[in-house]
Amino acid sequence: MTSPVWHPYAHLKTQRPAPKVVGGEGATFTLEGGETLLDATCSWWCMIHGYRHPRLVEAIQRQADELCHVMLGGLTHEPADRLARELVRVTPDGLNHVFFSDSGSVGMEVAMKMAVQYHYLRGKPAKHRMLTLMKAYHGDTAGCMAVCDPEEGMHSLFSGFLPQHHFAPAPTAPFEASREAVQPDLDALRGVLEAHHEEIGALLMEPLLQAAGGLNMTSPHYLRGARELCEEFDVLLIFDEVATGFGRTGRMFAADHAAVTPDIMVLSKGLTGGYLGHAATLATDRVHDAFIGDSPEHAFMHGPTFMGNPLACRVALESLAVFEEEDYLGRIRALNGVLRETLVDDEALRAHPDVADVRALGATAVIEVHNAAALKGVADFARTQGVWLRPFGRWLYTMPAYVTLDAEMRRITDVMKGWFLAR
């Protein structure tokens, strides 16, 4: 019997039946029939502790026995209060206020609404447009689609429906680039701000790693320069750390590489270790305090039903505790070492005629090809080797769970290389 589930990003005419997952353990999941696959994608980059982590499972079970859900409107509860305090503790200094929601896309919608209302309350209602970067991806809800790359992104069909915002060129200088090498990227950003700053309320960016836009890895100097430009032009800086937060780039947050505090930061995915949907939008005193006033317009009119869900907050607290107590940043350094040794430093791979670039940052690596046709069939090939890979466009990537063992990581990279070197 055909399943009634409508799958994401699927071409309905050509899609094949989806394998049914019945369980998981560590970095692997198990399919109906007993087949096990090593997950190289971390279930869309969120299952940082892998599957069936005993502490996270127990945290959900304990909380379910106490309180599964209550509205955060006019009420509060201990898991939400504790998680907000913990997020203030671990994020860059100054992000002292936490607004919860239920997904990364909604968290970004919250951030954009905060920015527009912030300027309105300061008497600058014209600053209601966003500035974002080419190659950006911020989510699939309407507001987020409008700030995704309008040319290479997946939402061009909706261009007539979406509000129009401003875009700056994607930074081209790599992670290791000097400030001098980054300057042309910053000059391009300055040019857009000089022309349109009177209507730009915020600059949105995925710091250091533009994930779904092609795993574009950029320099901390770009973040520092962007922070300076935002101050100069009275524009808020919003970091979308939905994918980069909680260690993915090698630091707890990508902002930490540059010692930069954005005005607003959005977290999701690894926030709960992927065990439940949840998100947090954090703001500085500067942003938060603009909402303190007597008029009806001072209230922030947003309230997702499941914001601050007690189950999600409790598992997020346990996820953070596991991360810190078990030295996940050390694990990520070890994973990065394997990724560099087996992929980035492999001269034969880099010299392959289909390969345009190989790069790694933290617990992320990608093989970029010249033509997407070069990756046709790679997912099936990987499955025959017991590995779950899901490439997109011209990018064959891995974002593994942090519990992935050294031998498992090498198995993943062997499969990625094997697709090219065995042909």
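A polar contact is a pair of N or O atoms within 3.5 Å; within protein, one must be able to donate a hydrogen and the other to accept it, and residues adjacent in sequence count only if both atoms are side-chain atoms. This is a predicted model, where local features need pLDDT of at least 70 and side-chain atom pairs count only at pLDDT 80 or more, while totals for chains, interfaces and linings use all residues. Residues are numbered from 1 along each chain as its sequence is written, and side-chain values use heavy atoms, with hydrogens and water left out.

**Exercise 1.** Find the two domains and describe the area they bury.

*Solution.* Start with the bounds, which come from an automatic or database domain assignment: domain 1 covers 57-325 and domain 2 covers 327-422. Next, look at the contact (heavy atoms within 4.5 Å): domain 1 brings 22 residues and domain 2 brings 18. Then take the buried area, the accessible area (1.4 Å probe) that two parts lose on being put together, summed over both. The two domains bury about 1600 Å² between them, with 64% of it on carbon and sulfur atoms. Finally, L215, M217 and R248 supply 41% of the area that domain 1 buries against domain 2, more than any other three residues.

**Exercise 2.** Find the polar links between the domains.

*Solution.* First, count the residue pairs in polar contact between domain 1 and domain 2 (both at pLDDT 80 or more): there are nine. Then look for salt bridges (a side-chain nitrogen of Lys or Arg within 4 Å of a carboxyl oxygen of Asp or Glu): the count between the domains is one. In a salt bridge, R340 pairs with E176, and their closest N and O atoms are 3.9 Å apart.
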